[in-house]
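Here are my notes for someone opening this one for the first time. Have a look at the fold, then go through the points in order.

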Amino acid sequence: MPFLTRNPSYYLAALQEVSTDPLHVGLYLDETAAHHDGEDQTEAVIVAESSWADLATAIQRTSRSIRCLWLRIKNEGGDGARSDEIVAAFRAFAEGLVGVTAIESLVLEDQGIGMDQLMYLREYLARNTTLRGIKFHRTHLDTTSSVLLNDFLVSNPALRVVDLTANPRVDDSTIRGMLGAILRNNRCRLETLNIFETLEGEADADIGITESGVNYIASFVSQTPSLSTLRLRIRELSDTGLRELANSIKGDGCNVARLEVCGRFGDEGMLSIADAMMVNQSLRTIDIGMSERLTDRGGQAILQVVQGQNESWQSMITSNNTLQSVYISEKAGSAMSKSLLTNLQAITTVDPHRTLQNKAWNYIENNIEDLSDIGLEAKLVPYFLSFISTRGGANSLFSFIHSRKNAPELFFSNPTPERTRLTPQMEKAKRRNKALKALLKSERKVSGRIQSENINLRDLEDDEQNQRKAMARCLLLPIFKAFEVCKYFIDLLKEIPS
C-alpha cells in the first residue's frame with residue numbers, strides 16, 4: 001500500500017474489511033487528483049467530489065482503526081477552476097468526517113492547508129474526542145487560522161501529540177493561542193510537543209518565534225507534568241531562552257524524558273541544562289541539532305554532571321544517574337574536541353541504580369582511607385561494610401576499618417541503633433524530669449515561706465499571752481493588797497478586848 005495516493009477509491013476495499021489491523025490512509029490532493037486528463041471538466045469535478053465523499057463515508061462506517069490519516073494538499077497557484085475543484089473535493093471529504101472516531105492521528109501537510117481547509121475541518125475536530133495526535137507540516141497555519149482549532153484543543157481529552165513542523169507563518173501569537181488552549185483543557189495529558197521552525201533560507205525574517213514565545217513554551221512545560229518529549233528547533237532559541245527552559249525542567253512537576261533543541265545558544269545554555277540535570281531525574285535523552293558557539297566548556301558541563309566530579313560525596317550523589325544518551329550533531333559540535341564528543345556519545349545509562357552504585361564505589365575506592373565526610377548513620381554501617389566487601393574484597397574492607405579517620409567517625413562517635421531508637425523517649429523523659437525539678441523547687445520555696453510564717457505566728461501568740469498575764473497581774477495586785485489590808489484590820493479588831 002503506497003504511503004500517499006491521489007486515488008481516494010484505493011482504500012475503499014480495505015475499509016470494508018473486518019480486521020483488527022490498523023490502517024494508514026495517505027491522500028495527496030492536487031490538480032492531478034481533482035482533474036483527470038481526457039475527461040470533460042464538469043464531469044471530472046463530480047467524480048472527484050463523489051470519490052472523496054465516498055471515502056469519508058467508508059471511514060465513517062469502518063470498524064477498523066485508522067492509525068494515521070495523512071492529507072497532503074498542494075496548491076501551486078494554478079488556474080482558478082482547478083483550485084476550486086481541490087477546495088470542493090476537500091470540503092466534501094471534511095464534511096463527511098464529522099462524527100468519525102476511528103482516526104487516531106491526523107497529519108495536514110503542504111501549502112494547500114490554510115484558513116479554508118481548517119474551516120471545513122472545524123466541525124469534525126470540535127466534536128472529536130478520540131484523536132490522539134495532530135501534525136501541521138509545511139502548511140499556512142497562522143494566528144488567524146489557528147483560532148479555528150481552539151474548540152478542539154480545549155475539549156479533546158485524548159490528545160497526546162501536537163507537532164508544528166516547518167510552518168513559516170507560525171509566530172508567538174500562534175504558539176500562545178494553541179498552547180494556552182491546551183492548558184485550559186483540564187482533561188488533556190499531552191505527551192509530545194514538537195515545534196520546528198523553517199530553515200533560515202526558507203523563513204520570513206519578519207515572522208517567527210521570538211524569545212517571548214520561547215519563554216511561553218518554557219512556562220507551558222512547567223505547567224504540563226504529562227509532557228515527556230519536547231523537540232524545539234527555533235531560530236531565536238538563545239542562551240536566555242534555554243535558561244528559562246532549564247528552569248522549567250528543574251521543577252518538581254517536570255517529567256520530560258527526551259529533549260531536542262536547535263537554536264543559536266552556546267555554552268551558557270548548556271550550563272543551564274547541566275544545572276537542571278542535577279535536580280531532574282526524568283531526562284533520558286538530549287539531542288543538540290544546531291547551536292552557535294558551543295565549545296568543550298558546554299559539553300564538559302554535561303559530562304561532569306553525568307559522571308560526577310569525584311570532588312566530594314555530595315557532588316557525587318547530586319550527579320545525574322538517569323541520562324541514557326547524548327547526541328550532538330556534527331554541525332553543532334564543530335568547535336568541540338573529538339574526544340569529548342566520543343565521551344558524550346558513550347554515555348549509556350541503562351540502570352540508574354547501577355549507575356549510582358558504580359559512582360559511589362569509584363568515590364569510596366579513591367577515598368578509602370578517609371570517608372568521614374559521608375556522614376553514615378550507624379544503622380547503615382552493616383550495609384556499607386557489605387558493599388565495600390562485595391566491590392573491593394577483604395583488602396578494601398581492612399583498609400576502611402583500619403583507618404583511624406574512619407573508625408572513630410563511624411563506630412565510636414555515632415550512637416548505637418538501640419540508643420538511636422530510645423533517644424526520643426530519653427529526651428522526652430529528660431524534659432519531664434526538668435519540669436518536675438522546677439516544680440519541686442517552687443514547692444519548696446512555698447513550704448519554706450509557710451513554715452516561716454507559722455514560726456512568726458507562734459512567737460506573736462506567745463508575746464500576746466505574756467502581755468495578757470502581765471496585764472492580769474497588774475489588775476489583780478491592788479485587789480490582793482486591799483484584801484490583805486482588810487484581813488489585817490480584821491485581825492486587829494479581833495485582838496481588841498470587848
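**Notes on the sheet and side-chain contacts**

1. Strand β4 (residues 133-137) and strand β5 (residues 161-165) run parallel and are joined over five bridges. Strands here are DSSP runs of E with at least two residues, helices are runs of H or I with at least four, and both are numbered from the N terminus. Two strands count as paired if DSSP finds at least two bridges between them.

2. A word on what you are looking at. This is a predicted model, in which local features need pLDDT of at least 70 and side-chain atom pairs count only at pLDDT 80 or more, while totals for chains, interfaces and linings use all residues. Residues are numbered from 1 along each chain as its sequence is written, and side-chain values use heavy atoms, with hydrogens and water left out.

3. Now the whole sheet. It is open and has ten strands, in the order β1-β2-β3-β4-β5-β6-β7-β8-β9-β10, with parallel pairing. Which strands stand at the edges? They are β1 (23-29) and β10 (325-328); each has a single partner strand, so one side of each lacks a neighbour in the sheet. From one strand to the next, the twist averages 5° (axes are lines fitted to C-alpha atoms, for helices over the stretch in contact, and angles run from 0 to 180 degrees between N-to-C directions).

4. On to the rings: there are two aromatic pairs in the structure. The rule is that rings of Phe, Tyr and Trp (its six-membered ring) pair if their centres lie within 6.5 Å; planes under 30 degrees apart are stacked, over 60 edge-to-face, and the rest tilted. Tyr 10 and Tyr 11 have ring centres 5.4 Å apart and planes at 80°, so they make an edge-to-face pair. Are these residues buried or exposed? Tyr 10 is partly exposed at 39% relative accessible area, whereas Tyr 11 is buried at 0%. (Buried is under 20% relative accessible area, exposed over 50%, partly exposed in between, with a 1.4 Å probe and protein chains only.)

5. Trp 52 and Phe 93 form an edge-to-face pair too, with 5.5 Å from centre to centre and 85° between the planes. Trp 52 sits in helix α3 (residues 41-61) and Phe 93 in helix α4 (residues 80-96), so this pair ties together parts 41 residues apart in sequence. Trp 52 is buried at 1% relative accessibility, and Phe 93 is buried at 0%.

6. How many salt bridges does the structure hold? There are 17, each a side-chain nitrogen of Lys or Arg within 4 Å of a carboxyl oxygen of Asp or Glu. Among them is Arg 91 with Glu 95, whose closest N and O atoms are 3.2 Å apart. Both lie in helix α4, four residues apart, about one turn of the helix. Arg 91 is partly exposed at 42%, as is Glu 95 at 48%.

7. Finally, Arg 231, Arg 258, Glu 260 and Asp 287 are linked in a salt-bridge network. Within it, Arg 258 meets Glu 260 at 3.2 Å, N to O. Arg 258 is partly exposed at 29%, but Glu 260 is buried at 10%.
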